[in-house]
Number of protein chains: 2
Amino acid sequence: MAKQDPDLSLLFHALSDPTRRAMLERLAQGPAAVTELAGPSGLRLPTILRHLSVLEAAGLVTSAKDGRVRSCALNPAALDPVRGWLDDQRAQWEALFDRLDDYVTRLMKERMP
Amino acid sequence: MAKQDPDLSLLFHALSDPTRRAMLERLAQGPAAVTELAGPSGLRLPTILRHLSVLEAAGLVTSAKDGRVRSCALNPAALDPVRGWLDDQRAQWEALFDRLDDYVTRLMKERMP
DNA sequence: GTCTTGCTTAGCCATATTGCTAACTATCAC
DNA sequence: GTGATAGTTAGCAATATGGCTAAGCAAGAC
């Protein structure tokens with residue numbers, strides 16, 4: 001058990017901050033400039049820029065500069081590993097609970113034949 | 001855009017650490033004691049205990065002490081908010097790309113009638 | 001050119017996170 | 001009771017995170 005899946009760590013960490021989730025939700029409405037992304041957050045631009053760099057490092061967002069405006073957009077494929085991990089976990093968890101269920105059922109039969 | 005969804009922040013933060021994900025994966029095989037949970041990680045018990053408390057704070061794991069052994073188990077419902085958020089995001093992202101697609105299609109038609 | 005706008009960089013501060021060791025408590029085996 | 005086992009608590013150190021201000025730079029407006 002160790003430091004595998006750095007991607008997942010980056011992704012989950014990027015998603016763990018409400019400001020960053022709000023930025024993603026804003027971008028789900030369409031591309032936006034940095035100032036627009038800061039929007040109603042009340043945070044300063046440098047702060048937003050750091051959050052943006054976290055989102056970019058995780059691959060969730062891409063941005064490009066057009067003139068003096070940086071336009072930011074979602075990278076829709078980026079959440080795939082997250083979904084994959086969640087699906088795997090759920091599958092394993094369900095298998096576990098099925099096993100526990102079987103176990104309990106067997107116990108019941110043994111005790112109440 | 002603000003500090004809503006403290007649950008989501010706790011959950012994503014709990015999932016952002018590979019050690020904690022490994023602990024969850026171990027628990028997906030069945031309940032385990034703390035020492036067992038530390039297992040091959042090479043980390044000391046106090047460290048594991050802190051990770052455990054993060055997982056419990058996020059609601060992902062429950063534990064109870066039986067004699068001198070603390071037994072830990074998954075809480076399968078805990079990931080639901082995460083799945084919910086991901087599903088919402090995906091739906092919005094798809095809607096966005098459909099809109100962009102329509103837009104491009106319309107542009108093409110206007111230019112190449 | 002000059003000014004404004006939009007972003008960027010550098011650097012500071014407070015707090016949180018992640019690891020550790022050392023010392024303690026509580027149970028179980030004998 | 002004695003001793004081993006399983007957690008637990010307290011506290012330390014290094015680093016990461018999230019916010020800020022101040023100062024800089026580049027593009028567009030005039």
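Let me begin with the sheet of chain A: three strands form an open sheet in the order S1-S3-S2, with antiparallel pairing. Strands here are DSSP runs of type E of at least two residues, helices are runs of H or I of at least four residues, and both are numbered from the N terminus. Two strands pair if DSSP finds at least two bridges between them. The edges are S1 (32–33) and S2 (61–66) of chain A, each of which pairs on one side only. S2(A) and S3(A), the latter spanning residues 69–74, run antiparallel and are joined by six bridges. Within this pairing, Ser63(A) has Cys72(A) in S3(A) as its bridge partner.

Two helices pack on this sheet. Helix H2 of chain A, residues 18–27, touches S1, S2 and S3 of chain A, and its direction makes about 90 degrees with that of S3(A). H4(A) touches S2 and S3 of chain A, at about 120 degrees to the direction of S2(A). Contact means heavy atoms within 4.5 Å. Axes are lines fitted to C-alpha atoms, for helices over the stretch in contact, and angles run from 0 to 180 degrees between N-to-C directions.

A word on the basis of these values. This is a predicted model, in which local features need pLDDT of at least 70 and side-chain atom pairs count only at pLDDT 80 or more, while totals for chains, interfaces and linings use all residues. Residues are numbered from 1 along each chain as its sequence is written, chains are lettered from A and ligands numbered from 1 in the order in which they are written, and side-chain values use heavy atoms, with hydrogens and water left out.

I turn to DNA strand D. Of the DNA atoms within 4 Å of the protein, 72% belong to sugar or phosphate.

Which part of DNA strand D does the side chain of Arg68(A) approach? An N or O atom of that side chain is 3.2 Å from a base nitrogen. By contrast, a polar side-chain atom of Arg20(A) lies 3.1 Å from a phosphate oxygen.

Finally, a salt bridge (a side-chain nitrogen of Lys or Arg within 4 Å of a carboxyl oxygen of Asp or Glu) joins Arg83(A) and Asp87(B), at 2.8 Å from N to O. This pair crosses between chains, from H5(A) to H5(B).

Key. Near = heavy atom within 4 Å. Polar contact = N/O pair within 3.5 Å; in protein donor to acceptor, adjacent residues only side chain to side chain.
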